[in-house]
Amino acid sequence: MHENIKVGMADYKATSHPSILITLGLGSCVGIALFDPSTKIIGLAHIMLPTSKIAKDVINDAKFADTAIIKLVEDMVRLGANRKFIKAKLAGGAQMFNFTDSSDSIRIGLRNVEASKEMLAKLNIPIISEDVGGNHGRTIELYSDDGKLMIKTVGFGVSYI
Amino acid sequence: MTINFSELNNIQLDVLREIGNIGAGNAVSALAKMINRKIDMAVPKVKILEFKKISDMLNAPEDPVIGILLGMTGDITGNILFMLDKKSARLLVNMLFGFKESTSEDFDEIEMSAIKELGNIMTGSYVGALSMLTNLKILCSVPDVAIDMAGAILSVPAIEFGKLGESVLYIESEFNEGDNKVIGDFFLIPDIGSYETLLKTLGVII
């Protein structure tokens, strides 16, 4: 029996097989799904901002791409995951509203995606698939069985990456 | 100085509540004029919510809602978001078009532009009240409307608040026309620095 575990906004969770990690209604935030096929340990982070450098003090590691990914990998390793086998999938980073004068805050989704990719590259974690950008929200579910990532949208139905 | 919403004192909260009350009051009376009906409004609730609890707060974070976002420029900069559920939007559109009896969950092009205009007028009146109250010059941009998952729409104000702290502040306003209840949420999202300007002008921080 799979356990469904919810990951909130600015939150991350790692868990052992069998389980499903879910995050609901990703907008400009990015969901970083990590999977170690050798142990079936999975992890999911729901980040809001690209870097902790913009914060005066970091109260919540889970809020930023740079700090959240490192912590999530550590948690997975603590559960027994093999660091070198971990693979990543990305979803989210949408631009929910369209403005002609695209200010920084409007393009935050894109920056969240870029920062997540940078951090994964730094940690030598390959990104095997992604569904990012656009202007629609996504709900995602990560399955420990095979690392499949389900993406549900309002207008574009359900897909798996 | 960084403003942390979970650390606001009662006086500051009262002031924000009052801003919400006056702002939403103005918005609702603009709406009443537009549809030419009497509308009653409950006292708005000011809520502060941790990010992790946002999806719990929404009854259904995946259900589509309507978000209308406007940019603010002038003495303070930032955004203002008005969010309402589809049922409420349908009610308002029906009223606006003289009680056509549509129950459709979808909105055609004309209805969408009516919703946009509705949001424009309501948030414009909200900001107008704020401007009067503070003597600050605030200009609004043209609105943009998005219909999507509540969680995804909410990520927009949440990210802005995320730069300041660990929680999001919003004002829930509920209004009725007869037996029809409309619930709308206003998110006033000033940029870092502008919140300070706002609270300073109102005399609640030095």
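Two strands count as paired when DSSP finds at least two bridges between them, and strands themselves are DSSP runs of E, at least two residues long, while helices are runs of H or I of at least four residues, both numbered from the N terminus. With that settled, let me turn to chain A of this predicted model.

Before the details, the conventions. Residues are numbered from 1 along each chain as its sequence is written, and chains are lettered from A and ligands numbered from 1 in the order in which they are written. Because this is a predicted model, local features need pLDDT of at least 70 and side-chain atom pairs count only at pLDDT 80 or more, whereas totals for chains, interfaces and linings use all residues; side-chain values use heavy atoms, with hydrogens and water left out.

I begin with an open sheet of 5 strands in chain A, ordered 2-5-4-6-7, with mixed pairing. Strand 2 (11-15) and strand 7 (127-132) of chain A form its edges; each has a single partner strand, so one side of each lacks a neighbour in the sheet. On average, neighbouring strands here are turned by 10 degrees against each other, direction ignored. Within the sheet, strand 4 (residues 30-36) and strand 6 (residues 87-92) of chain A run antiparallel and are joined by 6 bridges. Across that pairing, Ile32(A) stands opposite Leu90(A) of strand 6.

Two helices pack on this sheet. Helix 1 (residues 65-78) of chain A touches strand 2, strand 4 and strand 5 (41-47), and its direction makes about 160 degrees with that of strand 5. Helix 2 (residues 108-122) of chain A touches strand 4, strand 5, strand 6 and strand 7, and makes about 25 degrees with strand 4. Touching, or contact, means heavy atoms within 4.5 Å; the angles run from 0 to 180 degrees between N-to-C directions, with axes fitted to C-alpha atoms, for helices over the stretch in contact.

Next, another open sheet of chain A: 5 strands in the order 1-3-8-9-10, again with mixed pairing. Its edges are strand 1 (3-6) and strand 10 (158-160) of chain A, each with a single partner strand, so one side of each is left without a neighbour in the sheet. The twist averages 20 degrees from one strand to the next. Strand 1 runs parallel to strand 3 (residues 19-26) of chain A, with 4 bridges joining them, and Asn4(A) stands opposite Ile20(A) in strand 3.

Two backbone features deserve mention. Most residues other than glycine have a negative phi, and most peptide bonds are trans. The peptide bond from His17(A) to Pro18(A), however, is cis, with omega near -5 degrees; Pro18(A) is found in the loop between strand 2 and strand 3 of chain A. Asn124(A), in the loop between helix 2 and strand 7 of chain A, has a positive phi of about 60 degrees.

Finally, the interface. How many residues does each chain bring to the contact? Chain B gives 34 and chain A gives 33. The area buried between them is about 2,600 Å², 67% of it from carbon and sulfur atoms; buried area is the accessible area (1.4 Å probe) that two parts lose on being put together, summed over both. There is 1 salt bridge between the chains, a term for a side-chain nitrogen of Lys or Arg within 4 Å of a carboxyl oxygen of Asp or Glu. Lys152(A) forms a salt bridge with Glu62(B), their closest N and O atoms being 3.3 Å apart.
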